[in-house]
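The following exercises concern a predicted model.

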Amino acid sequence: MNINIQTRSSKPIYEQIEDQVREEIASGRLKPGDAMPSIRALAGELKISVITTKRAYADLEKEGMLYSTPGKGFFVDNPDEQLLSEKKNVGLEEKLSEWTKEAKRAGLSKVEARDMLDILWEAED
């Protein structure tokens, strides 16, 4: 699992971890039953506090994304597909909202922005 922490982000580190783990699960790169790195191992790898990693795992467990087995660690749970889809849509909406703000700041009209999206959409096929 590859987690990238942006130290200059206004988003807390534990939320960055949570978001990236959710994305890994939603994309299918992490599958139900997959073992997660231990809290200490992930903290060491990211060079962050064990408390921060523990917070991220605890929040993900409350959401039903992970489950813990005493003495064995954390594992990917089998989350509700509808919930995963909704979380993915919320993430996309946030990114599109930010993109829209940037497009407006750059002086693009709605038509120009739509044209840009159409071009980029077609380029991805």
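**Exercise 1.** Determine which residues lie nearest the centre of the largest pocket, and characterise its lining.

*Solution.* Step 1: the lining of the largest pocket comprises 15 residues, and those nearest its centre are Asp19, Lys87, Gly91, Glu94 and Lys95. Step 2: the space in this pocket amounts to about 600 Å³. Step 3: at least two lining residues come from each of helix 1 (13-27) and helix 4 (81-105). Step 4: the most is given by helix 4, which contributes 8 residues to the lining. Step 5: sorted by class, the lining contains 8 charged, 5 nonpolar and 2 polar residues.

**Exercise 2.** Describe the packing of helix 1 and helix 3, and state which residues make the contact.

*Solution.* Step 1: two packed helices are described by the angle between their axes and by the distance between those axes. Step 2: for helix 1 and helix 3 the angle is about 45 degrees, and the axes are 8 Å apart. Step 3: an angle between 35 and 65 degrees is neither roughly parallel nor roughly perpendicular; helix 1 and helix 3 are therefore oblique to each other. Step 4: the crossing in which helix 1 passes helix 3 is right-handed. Step 5: helix 1 makes the contact through Ile13, Tyr14, Ile17, Glu18, Val21 and Arg22, and helix 3 through Thr52, Arg55, Ala56, Asp59, Leu60 and Glu63. Step 6: these contact residues divide into 6 nonpolar, 5 charged and 1 polar.

**Exercise 3.** Carry out the corresponding analysis for helix 2 and helix 3.

*Solution.* Step 1: helix 2 (residues 39-46) packs with helix 3 (residues 50-63) at an angle of about 120 degrees, the axes being 8 Å apart. Step 2: that angle makes helix 2 oblique to helix 3. Step 3: helix 2 passes helix 3 in a crossing that is right-handed. Step 4: Ile39, Arg40, Leu42 and Ala43 of helix 2 meet Val50, Thr53, Lys54 and Tyr57 of helix 3 in the contact. Step 5: by class, the contact of helix 2 with helix 3 holds 5 nonpolar, 2 charged and 1 polar residues.

How values were computed:
Residues are numbered from 1 along each chain as its sequence is written. This is a predicted model: local features need pLDDT of at least 70, side-chain atom pairs count only at pLDDT 80 or more; totals for chains, interfaces and linings use all residues. Side-chain values use heavy atoms; hydrogens and water are left out. Axes are lines fitted to C-alpha atoms, for helices over the stretch in contact, and angles run from 0 to 180 degrees between N-to-C directions. Helices (H or I, at least four residues) and strands (E, at least two) are DSSP runs, numbered from the N terminus. Angles under 35 degrees count as roughly parallel, over 145 as roughly antiparallel, 65 to 115 as roughly perpendicular and the rest as oblique. A crossing is left-handed if the near helix is turned anticlockwise from the far one by less than a right angle, and right-handed if clockwise. Contact means heavy atoms within 4.5 Å. Ala, Val, Leu, Ile, Met, Phe, Trp, Tyr, Cys and Pro count as nonpolar, Asp, Glu, Lys and Arg as charged, and the others, Gly among them, as polar. On a 1 Å grid over the protein atoms alone, a cavity is a set of points where a 1.4 Å probe fits but cannot get out, and a pocket is an open set with protein on both sides within 12 Å along at least five of seven lines; lining residues have an atom within 4 Å of a point. Grid points are joined across faces, edges and corners, and a volume is the space filled by probe spheres set on the points.
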